[in-house]
Amino acid sequence: MLAKLQSLDRRIIYLVVFLSLAVPLLRPIGLPVSIAEETRALHDFIDALPPGTPVVVSFDTSPGGYGELASGAIAILNHMASKDLRAIGMGFFDTGPSLLESAFAASLYAEKEYGVDYVNLGYLAGGENAIASMAKDLLGSFPKDFRGNDTKSLKVMEGITSITDVALVVTVASGTPGIPEWIRQVGDPLKVPLATVVVAVNVPNMTPYLQSGQLCGLIPSMKGAAGYEALISMKGLGTAGMDAQSMSHLAILFFVVLGNVVHYIGKKTGKAGGDKE
Amino acid sequence: MRRELPIAITFVLGVLIILAFFFDSPTLTNASQSLQNWAVIIAAFALGIASVNLIQVHAKKIARGQDRLDWLYSGALLLGLFGMTVIGLFKGPADQMYQFWFNALFTPGQATVYAMTGFYIASAAFRAFRIRNLEAGILLVSAALVMLGNVSVGEALWSKFPVIGSWLVNVPNLAAQRGMMIGAGIGGIAGGLRVLLGIEKSYLGSGS
Amino acid sequence: MNVSTSAEVWIASLVTIAIMSFVYKDNPFYRLVENLYVGVSAGHALVLGWGNIRDLALVPMVRDGKWVLVIPVILGLMLYTRYFKKLAWLSRIPLAVMMGIGTGLAISGTVGSQIVNQVRANLVKLNTIDNIIIVVGTFAVLAYFFFMAEHKGALGVLAGGGRYLMMVAFGAAFGSTVMGRMSLFIGRLQYLFGDWLGLIR
Amino acid sequence: MVQGRVFSFWLLVVLIGSMLYGMWRARKGIAIKIRRIAGLNAIEEAVGRATEMGRPVHYTPGLGGISAAEATQTFAALAIMGHVAHLSARMDVPLIVTIRQPEVLPLAEESVRQAYLEEGKVDAYVPTNIRFLSNQQFAYAAAVFGIMAREKPAANFLMGAFWAEALMLAEVGSEVGALQIAGTAQLSQVPFFIAASDYCLIGEELFAGAAYLSGDPTQMGSIFGQDLGKAIVALLMLAGVIATNMGSSFFSTLLGK
């Protein structure tokens, strides 16, 4: 038994994880979702904005990271659309604007008018420098939008000449450039409120910025998305995925415990194969 | 000249940008703004370098034609590259056909490669993550508590798991992250200073 | 069950499955699909790069007569001299320009956001256990990364505590990473089961 | 000066000053001592263990290149690799180096060959042990899996920049029973290295370790300068916390200037 466990084929481990994810997706349990404080803070911030207020949504992510952020990004777009806020989209990853197009199409903005209620300004090359350049000259950095329209002529841009004219920037971020760059070039020096939909790996690094007020809110990965969906009473992909999160987390914890037990029993009985003395 | 000129340029521009950030001078602000606009344009040109490198490598592979499969792989890569470029240049990146291939190939391809890491974390959990000493023990216990705090089943098992999980993230983790952030900030400034002074010049590449 | 009839969804699903097959074994389908998407991603970068060059340099030059923009265009082209042995050194000049500007920006922003504002956020009344942990902990972690003195005596205690505190933080990062990785996988399964096979809403 | 950035400017001046001072000191030849770093001290033990067991040593300088932001990590990893190569040559144990970035390959070859030369063991240098595997992240990791399983190294060094493949590399090392010493400034991967290896150099420790082993005065000076900077910031924070707790908002206002 012990020897069998020690030489367990990794594909069996993969199968267990796969089932722990697939079964709850197909047969949901409906465990309750808790809402984090920083997610509620962002919700309340957006909820208090009057209709027509412009909010920048920056897609600073690639398809690899977006897999984790889609549910949160769509939830926040849905909230903004239901509050009739103007969505000014842009991206500092070359993949950002294309993902943003899909996100707009999957959100309530799809029922609104492009160029009036929302816009995708496209991509600007150069990472942190591009963010800084945009912060100094928003219209000059995006003379055309992603679809090739003259940015200045769009109704959605009325009254916006600089990044300081928007009420909030939400960066959907999974890497560099991302949150630290936005804080360095926009949040801190220009005092524009900043929030983020962020990949889980980076959530612990964000706490100093949250506590100091450099970030006004945060949607952490799928858990944050599920919480946000609950706050706006629009269930989506985040809520649907949380049961699978629960089961897969249990599976991983089970493997850590089992791995350690097998290891230490094996060590005691001297059967540990290829192990250190 | 071939080494000194680039270093001098880096130094002058870096100092100019720093001064423009801190001092309220229209001249400096304008200069820094134009420079940043220029840098965006240069960065846009730089986006092509990866493609040139890929074309070089894969064209060579095809020309050598050692393995029929290599041929197929490199051909597929070049097909993707040229196909996307042609559609994009003629129809623009917001075009329906362009978005089609972006969503059909690129999005699922990269998203799935990243998703597979979920499997790897599971096998490492079983085979490698050991409580080999006190530190690893603290790490794994903290990880377990945060994991149970993150998901609903944790709360269902014990209502205090989310409270403990978020306390760990918001208090001890905050302290550690802040300490590391300040340290890394100072390290970053030191690294930047080495670049500006021309001590660190690996970005310039090798050669004379 | 409501299987998708969209070609996009079908291709994307097959790509997903081909890549997933890698965990079973490295195989030609995986390699083929991987090469295809790497090519697509490179082409995508070219297209968007061209868009920036056109909108920010060429159009303003030709339409508005901003000929000064010829400088960054030449600098951008100089990046490509790296492919010609004799001129290769010229490609360092645009790199130097980008590096100077990037470094200047990073240094300027870092002092405020990563140092001053963090120190300022720590100027709190030490009247709760949490505040004490946060403030003392920040000192402890800074002490750990102090290299010029052996970690003995008071410094040793502080730095040692800093290291344990970092273990808690790395544990939190570990736990969070699990959620991240699982989210990615759930995203793919939602696509396969939902968008493609129509098994879930 | 721009409102709200005055204090930051002066702090930047002080920090840069302390770094310049550190570099000046090092160039003048004033010896700089560095604290013990647990992972570094274990390197000799790990190579010695490989000698005893008659099994090779595996070293990867990470997946980062030599021109992007991760370049500093790659160079630090190469510096530490030089030290490992010296030890391997001295103790007559094969050193396998696996490479992901093509441009790192010649640097690694040169560094290992030089170490064997300096140890008078140039005949023992095996060029085919410095192996370029693949420039695709996961294909590289899969190839390392194969090498580790076949050649079962007794010591596994993972130094430099790593991403999601970090835990795969540490897993296979743990499985073949290698003593593992890791080091990276990619903080998101540190948790996995700590959980799956015996020693881990965290962040700045990688650079300090490399500076110490290579004895490069500029790097040592830079580390000295950074330490000085950390001390200054720590003192500032200490003064601020004391003042705040005595009811004064002086520092809070000052830092906001």
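How many residues of chain B are in contact with chain A? In this predicted model, 49 residues of chain B are in contact with 48 residues of chain A. On the chain B side, at least two residues each come from α2, α4, α5, α6, α7 (152–157), α8 and α9. Helix α4(B) supplies the largest share, 10 residues.

Chain B also meets chain C: 104 residues of chain B are in contact with 95 residues of chain C. The elements of chain B that give two or more residues to this side are α1 (4–22), α2 (26–64), α3 (68–91), α4 (96–115), α5 (117–127), α6 (134–150), α8 (161–170) and α9 (172–196).

Chain A is divided into two domains. Domain 1 of chain A is made of two segments, 2–29 and 241–268, while domain 2 covers 37–235. Their C-alpha centres lie 37 Å apart.

Chain A also holds an open sheet of 6 strands, in the order β3-β2-β1-β4-β5-β6, with parallel pairing. Why is one side of β3 and of β6 of chain A left without a neighbour in the sheet? Both β3 (118–123) and β6 (217–220) of chain A stand at the edges and have a single partner strand each, so one side of each remains without a neighbour in the sheet. On average, and with direction ignored, neighbouring strands of this sheet are turned by 15 degrees against each other.

Within the sheet, strand β1 (residues 54–60) of chain A pairs with strand β4 (residues 168–173) of chain A in the parallel sense, over 6 bridges. In this pair of strands, Asp60(A) stands opposite Ala173(A) of β4(A).

Helices of chain A are set against these strands. Helix α8 (residues 179–190) of chain A packs on the sheet and touches β4 and β5 (194–198) of chain A. The direction of α8(A) makes about 170 degrees with that of β5(A). Helix α5 (residues 96–106) of chain A lies across β1, β2 (86–91) and β3 of chain A, and α5(A) runs at about 160 degrees to β3(A).

Key
Residues are numbered from 1 along each chain as its sequence is written. Chains are lettered from A and ligands numbered from 1 in the order in which they are written. This is a predicted model: local features need pLDDT of at least 70, side-chain atom pairs count only at pLDDT 80 or more; totals for chains, interfaces and linings use all residues. Two residues are in contact if their C-beta atoms, placed from the backbone, lie within 7 Å. Helices (H or I, at least four residues) and strands (E, at least two) are DSSP runs, numbered from the N terminus. Domain bounds come from an automatic or database domain assignment. Two strands pair if DSSP finds at least two bridges between them. Axes are lines fitted to C-alpha atoms, for helices over the stretch in contact, and angles run from 0 to 180 degrees between N-to-C directions.
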